[in-house]
Amino acid sequence: MIKFVGGFENVCDLPQTQFPEYAFAGRSNVGKSSLINAVLGQNVARTSNTPGRTQTLNMFNVNDKIIILDLPGYGYARVSRADAARWMMRFQEYIMTRRQLKRLFILVDSRIGVRPSDTELMEFCDANGISYQIVYTKKDKRVREKAQVTICADEHPAMVDDIVETSAEKKYGIDNLRAIIGIK
């Protein structure tokens with residue numbers, strides 16, 4: 001059973017649980033909520049065509065065993081600089097303080113590739129020893145940018161070597177992601 005626990009403005013408001021947490025982060029419009037819905041097998045995360053709709057830390061309880069977090073997007077949403085800075089501070093506070101966080105999934109739109117904001121997040125995680133894994137989204141779509149930056153795990157000490165390629169629409173790579181999280 002999957003339960004929406006709530007959308008939280010502040011990290012200190014998140015309930016303390018003993019369950020492992022898996023957080024999904026990425027640029028606005030990368031497909032975080034769609035991917036979470038595909039992984040969970042039901043539409044629990046709110047999706048939108050408008051970038052920046054996820055504005056809170058959205059927590060989902062999976063069978064009283066695992067917590068999934070849908071984090072606000074970064075790098076594209078049309079929000080004020082003050083809001084963007086507040087979101088980034090909250091995001092950094094979350095990944096730095098949550099002991100339950102087992103894996104941060106950094107989602108990258110495979111049609112576009114890694115952007116400077118993605119690289120900044122990866123470098124922040126590397127510098128602070130926060131384990132993360134790259135997940136390419138929208139692998140079923142046509143590549144828009146041919147000259148993309150390749151991600152090399154050797155350059156990122158906190159990165160899990162295996163890059164997961166997914167398509168929420170075609171369900172490609174979803175079973176692999178479920179296995180990593182521990183969802184049957």
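Predicted model: local features only at pLDDT ≥ 70, side-chain atom pairs only at ≥ 80, totals over all residues.
The structure contains three aromatic pairs. Phe4 and Phe60 make up one of them: the angle between their planes is 50 degrees and their centres lie 5.3 Å apart, so this pair is called tilted. Phe4 has a relative accessibility of 46% and so counts as partly exposed. Phe60, in contrast, is buried, with a relative accessible area of 2%.

Another pair is formed by Tyr22 and Phe105, and this one is stacked, with 20 degrees between the planes. It also links distant parts of the chain: Tyr22 belongs to strand β2 (residues 21-26) and Phe105 to strand β5 (residues 101-109), 83 residues apart. Both of these residues, Tyr22 and Phe105, are buried. Together with Phe24, they form one aromatic cluster.

Here are the two pairs side by side:

| Pair | Centre to centre | Angle between planes | Type |
|---|---|---|---|
| Phe4 and Phe60 | 5.3 Å | 50 degrees | tilted |
| Tyr22 and Phe105 | 6.3 Å | 20 degrees | stacked |

The charged end of Lys139 sits over the ring of Tyr136, 5.9 Å from the ring's centre.

Now find strand β4 (residues 66-70) in the picture. Is this strand mostly covered or mostly uncovered? It is mostly covered, as five of its five residues are buried. In a regular strand, side chains alternate between the two faces of the sheet. In β4, Ile66, Ile68 and Asp70 point one way, while Ile67 and Leu69 point the other way, and all are buried.

Which way does β2 run relative to β4? The two strands are parallel and are joined by four bridges.

β3 and β4 form a hairpin, with three residues between them. Look for Asn63 in the turn: this residue has a positive phi of about 55 degrees.

Conventions. Residues numbered from 1 in each chain as written. Heavy atoms only, no water. Phe/Tyr/Trp six-rings, centres within 6.5 Å; stacked < 30°, edge-to-face > 60°. Buried < 20%, exposed > 50% of the residue type's maximum accessible area, 1.4 Å probe, protein only. Lys NZ or Arg CZ within 6 Å of the ring centre and 35° of its normal. Pairing = 2+ DSSP bridges.
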